[in-house]
Amino acid sequence: MAVAHKDPSADAKSVADFSKEQELSAYRTMLTIRRFEEKAGQMYGMGLIGGFCHLYIGQEAVVVGMQMALKAGDQVITGYRDHGHMIATGMDPKGVMAELTGRSHGYSKGKGGSMHMFSVEKGFYGGHGIVGAQVPLGTGLAFANRYRGNDNISVTYFGDGAANQGQVYESFNMAALWTLPAIYVIENNRYAMGTAITRSSAEVNLSRRGLSFNIPGDQVDGMDVRAVKAAGEKAAQWCRDGKGPYILEMLTYRYRGHSMSDPAKYRTREEVDEVRTHHDPIDMARHRIIEKKIANEDALKKIDGEVRDIINQAAEFATHDPEPDVAELYTDVYR
Amino acid sequence: MPALSPTMEKGNLAKWLKKEGDRVKSGDIIAEIETDKATMEVEAADEGTLGKILVPEGTADVAVNTPIAVILGEGEDKSSIKAAKPAQQNKAAESAPPAKAQKSQAKTQDVPAPKPAIAPEPPALQAASDPDIPEGTEMVTMTMREALRDAMAEEMRRDKDVFVMGEEVAEYQGAYKVTQGLLQEFGAKRVIDTPITEHGFAGLGIGAALAGLKPVVEFMTFNFAMQAIDQLINSAAKTLYMSGGQMGCQIVFRGPNGVASRVAAQHSQDYSAWYSHIPGLKVIAPSTAADAKGLLKAAIRDLNPVVFLENEILYGHSSQVPKLDDFVLPIGKAKISRAGNDVTIIGWSMGMNYALKAAEELANAGIDAEVIDLRTLKPLDTDTVVASVQKTGRAVTVEEGWQQNGVGAELAARIMEHAFDYLDAPVARVSGKEVPMPYAANLEKLALPSVAEIVEAARSVCYR
């Protein structure tokens with residue numbers, strides 16, 4: 001059984017009404033992520049980026065829509081497919097790209113790399129490399145909000161693969177038990193590395209994974225940024241109202257392989273093309289903008305150019321920024 | 001030729017899917033490349049027209065970073081290919097990672113080979129000395145259990161961000177009664193009973209610490225912390241480094257460690273060596289009530305993740321604790337528990353119990369042993385150990401843990417490195433035997449280090 005991103009059982013059918021500014025801003029951010037990732041892929045190919053590099057291409061609407069539902073003070077945490085989350089939370093593409101190239105002005109001074117970046121200032125708590133480990137951590141962020149009595153919430157992203165980790169359910173239990181303000185966003189891109197969800201999961205409707213903890217969950221069209229925002233707002237309100245955690249399963253799709261070295265032979269080119277052609281979050285936003293006459297082709301071309309410039313500058317910066325000083329080897333082990 | 005994996009150096013251009021003159025946009029598949037592991041599709045990273053194919057299909061062993069085609073952007077035509085080609089090559093060479101650049105340099109004879117990279121010296125450790133206890137300070141006899149409880153209570157009074165969580169810490173008053181009375185004083189918000197879910201609550205505590213709270217996470221025993229060890233190491237210990245110093249984790253993991261009594265292999269194990277292997281963690285293992293109190297207070301205030309290894313058998317042992325408003329001891333400082341001249345015996349936690357008894361027996365035999373209580377296992381106070389061995393010329397280490405890769409092995413290595421010329425005998429290690437802990441009373445006793453074994457080891461290094 002294939003889980004399509006437009007599953008008729010999707011609970012959150014409603015899409016948010018976007019203002020002109022919101023349409024354009026969402027378009028711009030999604031495009032920035034897309035261009036950033038394409039550039040990262042290119043730089044990886046040139047040997048400028050090492051190790052693992054997991055691209056977010058195709059999933060942009062999830063993080064951009066969710067971010068639109070949050071307010072300052074809320075916290076975001078995710079796994080290793082994290083570049084999109086950083087850009088969406090407002091981190092500087094230069095600093096992110098320079099971390100990918102392992103340079104001194106990367107967000108982690110070059111010591112973290114693609115999977116380990118953080119920005120306390122932007123409320124981004126990483127960037128974690130162990131599948132599922134971010135889920136208790138994100139639950140702890142929610143715990144801290146509850147402990148302090150503020151109205152901030154934490155958003156913990158993880159994939160359909162991580163959804164089978166035991167610590168996810170340990171976290172669900174405590175979050176529900178202690179009514180913690182935690183949104184769990186399951187980015188279901190249908191493949192855990194190369195294993196299709198139907199081959200890894202007994203229950204493929206991941207929004208139901210909180211049932212035995214009484215955590216409500218919705219399936220959301222994760223390719224439509226408006227649907228994501230609407231679902232995110234509903235979940236955020238639930239959490240801020242003190243009702244405990246909420247699960248959002250985002251039905252999404254990644255176009256690239258699991259990491260740069262994945263030939264993606266476990267799915268057909270037709271499957272990828274179908275999504276890219278008919279459900280691409282950026283193309284859909286672009287069509288809406290033209291159709292609703294929010295902006296014309298020229299105005300969009302201008303945005304495209306501006307985004308390209310930002311990304312080119314980031315790449316340029318990340319290419320020429322020096323490597324960390326050797327003295328950095330021993331710093332930041334303790335404080 | 002793009003690098004498609006961390007280790008790829010060259011690839012075969014298997015097939016072109018676009019031909020010269022085709023329009024391409026970002027993400028279009030333009031070619032297939034065979035690597036040593038798989039056939040990969042190459043996507044265009046830029047929009048434009050495929051101006052020229054530089055490497056025809058079927059070409060094998062194309063080095064990474066070799067230009068394979070030129071994509072013409074808007075406004076460019078074929079005439080700009082010539083100009084673009086060398087520029088692109090230069091760009092690729094210029095932006096190659098330093099490691100590769102160095103490699104190619106080394107091959108050229110007239111360029112001196114680059115100096116091999118040598119790691120700088122690690123920073124020197126300088127632990128403070130114990131604070132002076134003012135003359136006339138009242139000494140109170142209490143159990144280690146009470147001392148630990150008082151330490152937590154004092155720190156919770158001092159800082160509202162400090163809270164305690166773990167299994168049975170609140171209503172039950174602690175599985176080993178270490179948290180007795182905390183719920184009554186601080187309430188359920190700050191003394192939190194968790195479900196039996198070590199992996200989850202360790203991670204949750206770390207998340208709360210990343211957000212700035214100061215959790216004290218109790219493991220009912222460190223045996224159960226094995227379920228959580230990924231979070232302790234990968235999340236707590238490494239995040240400060242991986243964030244370039246931006247985000248740290250002020251948290252204490254505490255609970256009984258080591259061998260209990262007659263509970264067999266899964267419930268009797270010493271984790272001293274495990275945690276003290278990890279950069280980013282501090283590891284403390286006290287043997288007296290006063291050290292337990294002063295060091296737990298220090299651990300709660302320390303900005304780094306601290307693993308605080310207690311001992312079930314020592315919980316009930318009483319010793320004197322100075323009655324001071326704020327008794328805090330330095331982390332990373334060993335203590336000379338008994339001064340002596342003939343042999344240095346090094347222990348910590350329960351090992352001190354055996355070591356001090358052995359020292360008494362040795363004194364009766366005319367051997368004057370110096371006994372060092374490490375108290376902190378990471379950072380390890382090498383200076384105190386080395387100074388003692390320089391004086392005595394002989395050393396015996398004592399631990400409940402297994403010998404291979406144990407703390408005793410580390411001590412022996414450091415003594416060799418720093419006091420080799422002072423040694424009059426090889427360092428001797430007394431340790432737990434390399435077996436899972438047996439249940440039978442007689443076998444359990446044999447599996448543990450004993451006073452007799454320490455006495456024997458000390459005699460042997462003294463050749464007496």
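A residue is termed buried if 20 or more other C-beta atoms, placed from the backbone, lie within 10 Å of its own, exposed if 12 or fewer do, and partly exposed in between. By this criterion, buried residues make up 47% of the 464 residues in chain B. The structure is a predicted model, in which local features need pLDDT of at least 70 and side-chain atom pairs count only at pLDDT 80 or more, whereas totals for chains, interfaces and linings use all residues. Residues are numbered from 1 along each chain as its sequence is written, and chains are lettered from A and ligands numbered from 1 in the order in which they are written.

The secondary structure of chain B comprises 14 helices and 21 strands, taken as DSSP runs (helices H or I, at least four residues; strands E, at least two) numbered from the N terminus. The radius of gyration of chain B, over C-alpha atoms, is 31 Å, well over the 23 Å from the globule rule (2.2 Å times the number of residues to the power 0.38) for 464 residues, so chain B is more spread out than a compact globule. Along the principal axes, its C-alpha atoms fill a box of roughly 95 × 60 × 50 Å. An automatic or database assignment divides chain B into domain 1 (10–98), domain 2 (139–322) and domain 3 (335–461). The C-alpha centres of domain 1 and domain 3 of chain B lie 65 Å apart.

Contact between residues requires C-beta atoms, placed from the backbone, within 7 Å. The contact between the chains takes 53 residues from chain A and 55 residues from chain B. On the chain A side, helix 5 of chain A gives the largest share, nine residues.

Note on methods. Two residues are in contact if their C-beta atoms, placed from the backbone, lie within 7 Å.
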